[in-house]
Amino acid sequence: MPIPTERAGDFLRAHGSQFNLAAFAGLLNQPAVHDDTHGVWFFAEAASSRSDALRSLQAPDFTLPDLDGTLHSLSAYRGKKILLVSWASW
């Protein structure tokens, strides 16, 4: 993704050897979190994309194993009625 020329100073530091990921996330309108302990960044989906997905009422696809270890994807059951049961210990 090209950096806007007039905003290069917002993204590049230390003579171009460092990149400001927080500014980049802001440019993309995506939330971001930095974990100092592990030195990693996490970027989430843009709020507008997530909002559109929620309005569609279509569940995101995921794959999980059953008790025998066979993988099942939600998309494999598209068009069929299914009951999802979840549980958490908290």
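Predicted model: local features only at pLDDT ≥ 70, side-chain atom pairs only at ≥ 80, totals over all residues.
Residues are numbered from 1 along each chain as its sequence is written, and side-chain values use heavy atoms, with hydrogens and water left out.

**The largest pocket**

- The largest pocket holds about 240 Å³ of space, a volume being the space filled by probe spheres set on grid points that are joined across faces, edges and corners.
- A pocket is an open set of points on a 1 Å grid over the protein atoms alone, where a 1.4 Å probe fits, with protein on both sides within 12 Å along at least five of seven lines, and its lining residues have an atom within 4 Å of a point.
- The lining is formed by F62, L64, P65, H72, S73, L74, Y77, I82, L83, L84 and V85.
- At least two of the lining residues come from each of β5 (63-65) and β6 (71-73), strands being DSSP runs of E with at least two residues, and helices runs of H or I with at least four, numbered from the N terminus.

**Aromatic pairs**

- There are three aromatic pairs in the structure, meaning rings of Phe, Tyr and Trp (its six-membered ring) whose centres lie within 6.5 Å, with planes under 30 degrees apart counted as stacked, over 60 as edge-to-face and the rest as tilted.
- F11 and F19 form a stacked pair, at 6.1 Å centre to centre and 25° between the planes.
- W41 and F43 also form a stacked pair, at 6.2 Å centre to centre and 20° between the planes.
- F11, F19 and F24 are linked by ring pairs into a cluster.

**Burial**

- F11 counts as buried because its relative accessibility is 0%, and the cut-offs are under 20% relative accessible area for buried, over 50% for exposed and in between for partly exposed (1.4 Å probe, protein chains only).
- F19 is partly exposed because its relative accessibility is 37%.
- A8 lies in helix α1 (residues 8-11) and is partly exposed, at 26% relative accessibility.

**Confidence**

- The chain has an average pLDDT of 85, and 99% of the residues score at least 70, pLDDT being the predictor's confidence in each residue, from 0 to 100.
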